[in-house]
Each structure stands twice: as structure tokens, then as C-alpha cells.
Amino acid sequence: MAPSPPRPADWLRLLGLTACWGTAFLLNELALKAYSPLVIVSARIVFGMLVLFTYLRFSGVSLPRAAREWIPMAVIAVFGVIVPFFLTVWAQTHLSSAITAVLMAVMPLMVMSLAHVFVPGERLSIAKVLGFGTGFLGVLLVIGPDSPADDNRFSLIASFAVLAAALSYSGTSVYARLSSNQAPAAMATGMLIIAAAIAVPAALFEGPALPVQLDPVALTAVALLGLFATGLASVLYFQVVSGPGPTFLSLVNYLVPGWGVVLGVIVLEERLSSSAFAGLGIILAGIALSEFGHRRLVRRDAGAKAVPADC
């Protein structure tokens, strides 16, 4: 089914998705004031799983029954949920939420690069190469000598942890595209069920590090991470993809980092240097160059093929 023109409701869904994903960095920061990264990740997964399971029941979609159909969901549960969730939260023990949001903005460029290698027909164009190079310069500016990250020996490691999380997200998105024919709602619910089965016992095994206090702010942040940044965000994602489609959805790549930065600066009073703001701008420029430049080349080539040979 061809994508439909975006309606006002679709724009609201896109803004809702931006708010859900962009607020996750702020919520991580608040949750870390009381809970460990592993506890935050496991609780977020459980809350998100409950939302998606409820959505699945009302949507009429069922989970797969064949065991082999759960294998791709298990891979995505580990590398698309547990690993990037944990790396991001752990990194925020050494980085501000705003810097984390800036670094995570490179994910679309990573998806583009991985798709070139693994997805047939997704070849790198000149625009994509230039866009990736531009975005890479932006990353160097963010994590370079003038980085506003906390002045400790872990800040650089934490920056690379965020980039590793972005790479993990990117790799699993390409893997999901190639390996599964499941309905997106069933895929997302199944992967969170598996992720919960792995993360919850790991959090309980953490033992003495498992907090017993019920800090109201941190607990609310964890619940919102699961209910909104994971569960509701997945529902909105399905609705946008099935309506206006992936091209319209790609606008979220420009909105989420900015939303995360604004919340970090206003709510948490985080301070960003001019190099961090410049780095974010350069990364977003790289995404724009790779996306819109490539689309222009595709339209030009399509137009050239449409011209009769004897004209």
C-alpha cells in the first residue's frame, strides 16, 4: 500500500513520537538519581511490554507460534533493546542528557552506511557519502578536545558507548528489515517479551546494587520511560509508518536531538558549549545532505529514464 499524504493527525503523531523519544534522555537522567542502569533498563522494558501487549490484543494481531519466527525477535531484543538501552543509560552516568542526545543523532547516518553493505538496492550515492562525512565531522567536534562532557577519564568512553548504542540500534533496524516478515506490532511486542525475560533476572541478580528506596521522581521517570518512550512511542511509530510512511517518519531524525537538548538545558540546567551546538548542527546538516540530496538524485535519474530515447 502506497504511503498516504500526511494529515494533521499524522503531524500530531510525529510530534508525539518526537516528545516520547526525545524526552528519554531527560528521564534517564532523573531515574539515575536513585536507580542503577540495569534496574532502569529492565523496568523500562517491562512497562513498555505491558503497553504493547495491550495494543496487540486490541489491534487483533497475534504473536507468532512457530519457534523459528521468534529467533529474529530474540536477536533484536538483545542488540536492539537491551544493549543500546543499557549503553545509553550507563553513558549518562558520565555525560549530560543533552550531549547524549547530540551523539545519538548520528544513528540515521549509521543506518545508511550499514544498508549500503547489507540491503540490496541501498547503494551509497555521492550525497550519502558527503552526508556521512559531514556528520562524522560533527561527532568529532562534540567529543573533541573542547567537549563539554564531564571532566573525568570516563567521559570519552561514555561518548563511544553512546555511538555504540546508535550502531546497535542501526544494525538491528537493518537486520529486522532483512530477517522478519512479522507484523511490526507483533515484532515489537515479542522482542520486548524476550528482552524482559533476560533483563529482569539480570537486574535481580545485581543484588546489593538493587535499590530498595521508592524515590517518587526517579520511579515516575522509569515508568514514563516504559509507558511513553517505549510503549506509546512504538504504537505511534506503527501508525506513522502505515500512514504517511518512512519518508515522513524520517523528519523525526531532526526533531528528537533538538528536543533532547532543549529539555536538558531548560529542565536540568545543563550547559552546552558552542562546539556542542555546532556539532549538532553539522550532524543534522549531514543527515539532510544524505537524505534530500539522495532523493534529488533519484528523482533526476527517474526523470532521465522517462525521456524517450528518440527525443
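Predicted model: local features only at pLDDT ≥ 70, side-chain atom pairs only at ≥ 80, totals over all residues.
Residues are numbered from 1 along each chain as its sequence is written, and side-chain values use heavy atoms, with hydrogens and water left out. Local features need pLDDT of at least 70 and side-chain atom pairs count only at pLDDT 80 or more, whereas totals for chains, interfaces and linings use all residues.

Visitor: Among the elements of the protein chain, which helix has the highest mean pLDDT?
Guide: pLDDT is the predictor's confidence in each residue, from 0 to 100, and the protein chain has a mean of 84, with 86% of its residues at 70 or more. Among the elements, which for helices are DSSP runs of H or I with at least four residues, numbered from the N terminus, the lowest mean is 71, in helix α12 (residues 274-306). The highest mean, 95, belongs to helix α3 (residues 71-91).

Visitor: At which residue does α1 bend?
Guide: Helix α1 (residues 8-31) has 24 residues and reaches 34 Å from its first C-alpha to its last, close to the 34 Å expected at 1.5 Å a residue, that expected span being 1.5 Å times one less than the number of residues. A bend is the angle between axes fitted to the seven residues ending at a position and the seven starting there. For α1 this angle is about 35 degrees, at Ala24.

Visitor: Are α3 and α8 roughly parallel or roughly perpendicular to each other?
Guide: Axes are lines fitted to C-alpha atoms, for helices over the stretch in contact, and angles run from 0 to 180 degrees between N-to-C directions. The axes of α3 and helix α8 (residues 184-205) come within 8 Å and cross at roughly 70 degrees. Angles under 35 degrees count as roughly parallel, over 145 as roughly antiparallel, 65 to 115 as roughly perpendicular and the rest as oblique, so α3 and α8 are roughly perpendicular.

Visitor: How are α2 and α3 oriented to each other?
Guide: Residues of α2 including Pro37 and Arg44 belong to a group that meets a group in α3, among them Phe85 and Trp90. The axes of helix α2 (residues 37-59) and α3 come within 9 Å and cross at roughly 135 degrees. The two helices are therefore oblique.

Visitor: How are α1 and α9 oriented to each other?
Guide: The axes of α1 and helix α9 (residues 216-242) come within 8 Å and cross at roughly 155 degrees. The pair is therefore roughly antiparallel.

Conventions
Contact = heavy atoms within 4.5 Å.
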